Structure formats: structure tokens, C-alpha cells
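I opened a structure I had not seen before and kept a notebook as I went. Here is what I looked up, entry by entry.

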Amino acid sequence: METIVLPRGRRTTDDWVNNNLAPLLAGIAFLTKWQIISLETENPEPKVYAKAREQVLKAVMKARDAVEVKGFEDDSGAAWDGWSDIKTKDIDRTVEKGTKSGWQESSWFGSIQDMVDACGTGKDNQGSDPDEGGGDDDDEDIDRMQMQRGDSMFQGRWVMTDRKREEYRHWKEDVLMRIEEIKKEQKAQEIAVDGDVAA
């Protein structure tokens, strides 16, 4: 939500985003849930899509009753300004907006793959497709997938692996090397400026 509503720490100028915060929340939750389903299941059926969308819709619609907003003790509803009731078509519009805006190219969306990999639940991590045994397990699969609280940031599921440590080490070395190069360039420019002033 933050990268879309507050890119680079400033409120977006995108009128659609500013006027559709509740559908945006539902749409992002659905995009996340659908990405997890897609990573865990080979070719999920359309009914799985519809059921997942309905589950997200129900969860978001309960938010106003279930979430206590700190700092807003009165019953004026100020904490919920801009909140609106949503329908499945609002989630679909948000998904369409996200596709056009390239949200799925953002780092937050790519990190869903890391979470699924860390949990070992992705279709590439399993010996077989969970639907191969026959029967209709789609409902159970969706029910087992719990939506994370918004403030958890998937922390409980993130695992530091040797590969990630190595990638981090290379990244850190690269950044430090670039910093040193910039410092050398700045020092060279200072010397050149000082030499021009002295002449």
C-alpha cells in the first residue's frame, strides 16, 4: 500500500488511488493472495480465483468492525474517512489498474516469491502438484492460506539462507565500492576546483 499511496514518502497524485483506498486495500490483498496461490498450485481453476476474491472481500469488509485504530478514541469515524463498501467488481478494477500501472513489477510483489520459497510451499518446491491426488481440494487449500496481519510484513516466514547471505555480501561489497568511487571523484573535483582558484 505504502509504495502505491506514498511513493518516495509523498502522497501520490494519482486521483484513482486517492479516491479508492478501500478497493485498493482489497485489490492488493487479493493480488498477494492470488500470487501465492499461483506459485503454490499448477494452473489454478477459475473457481479458485472467484473463491479467493470472495474471501478477501469478506475479510476487508470486516475490517471496520474488527480493527481498532489507535489515536481515535471518539466514535466520529474520523479514522475511517475515505472508507467505502466494496464489491467484487471493485477488486477487479483494482487488479486492472495494478496491471496497467505495473504494480506487479514492484519489489513488494516480487518478494512474495521469496516468501513462498522460504516456506517451501511453492509448486517448484514440492514433489508433486497438490491437486494430483484427485478430488476437490481447492476449497481446503484456500481456507488453509491465512492472510497476514498488515503490520507483520511476513517477518515470521522470512528465512536467511546461505544463498541470501552470499547475495547480501556481494551487494554490500558493490555498494561500498561505489561509495569509494564517488568519494574519489569528489576529492578529485575538490582538488581541481582548489587548483583553479589558486591559479
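Predicted model: local features only at pLDDT ≥ 70, side-chain atom pairs only at ≥ 80, totals over all residues.

**Helix 4, end to end**

Which residues of helix 4 are buried? I listed Val-48, Ala-52, Arg-53, Gln-55, Val-56, Leu-57, Val-60 and Ala-63.

**The whole chain**

Next I stepped back. Of its 199 residues, 25% count as buried. I also looked at contacts with a separation of 6 or more: 65% of them join residues 24 or more positions apart.

**Helix 3**

I then turned to helix 3, residues 21–40. I ran the length check again: its 20 residues should span 28 Å at 1.5 Å a residue, and the end C-alpha atoms are 29 Å apart, which agrees.

Is helix 3 largely enclosed or open? I found 17 of its 20 residues buried, so helix 3 is largely enclosed by the rest of the structure.

For pairs, I looked up two things: packed helices are described by the angle between their axes and the distance between the axes.

The axes of helix 3 and helix 4 come within 9 Å and cross at roughly 140 degrees. That angle makes helix 3 oblique to helix 4, and I noted the crossing as right-handed. On the helix 3 side, the contact uses Leu-25, Ala-26, Ala-29, Phe-30, Lys-33, Trp-34 and Ile-37. Helix 4 brings Val-48, Tyr-49, Ala-52, Arg-53, Gln-55, Val-56 and Val-60. I sorted these contact residues into eleven nonpolar, one polar and two charged.

**Helix 3 against helix 5**

Helix 5 covers residues 88–101, and its axis comes within 8 Å of the axis of helix 3, crossing at roughly 70 degrees. That makes helix 3 roughly perpendicular to helix 5. From helix 3 I wrote down Pro-23, Leu-24, Ala-26, Gly-27, Phe-30 and Leu-31 as contact residues, and from helix 5 Asp-90, Ile-91, Thr-94 and Val-95. They divide into seven nonpolar, two polar and one charged.

**A closer look at Leu-24**

Leu-24 sits in helix 3. Its relative accessible area is 0%, so Leu-24 is buried. What does Leu-24 touch, leaving out residues up to four places away in sequence? My list reads Met-1, Ile-4, Val-5, Trp-16, Val-17, Thr-94 and Trp-103. I checked Thr-94 separately: it is 70 residues from Leu-24 along the chain, yet their C-alpha atoms are separated by 6.0 Å.

Last entry. Most residues other than glycine have a negative phi. Arg-8 has a positive phi, near 55 degrees. Where does Arg-8 lie? I placed Arg-8 in the loop between helix 1 (2–5) and helix 2 (15–19). At 81% relative accessibility, Arg-8 counts as exposed, whereas Leu-24 is buried.

Definitions and conventions. Residues numbered from 1 in each chain as written. Heavy atoms only, no water. Buried < 20%, exposed > 50% of the residue type's maximum accessible area, 1.4 Å probe, protein only. Helix = DSSP H or I, 4+ residues; strand = E, 2+ residues; numbered from the N terminus. Contact = heavy atoms within 4.5 Å. Axes fitted to C-alpha atoms, helices over the stretch in contact; angles between N-to-C directions. Parallel < 35°, antiparallel > 145°, perpendicular 65-115°, else oblique. Left-handed = near helix turned anticlockwise from the far one by under 90°. Nonpolar A, V, L, I, M, F, W, Y, C, P; charged D, E, K, R; others polar. Expected span 1.5 Å × (residues − 1).
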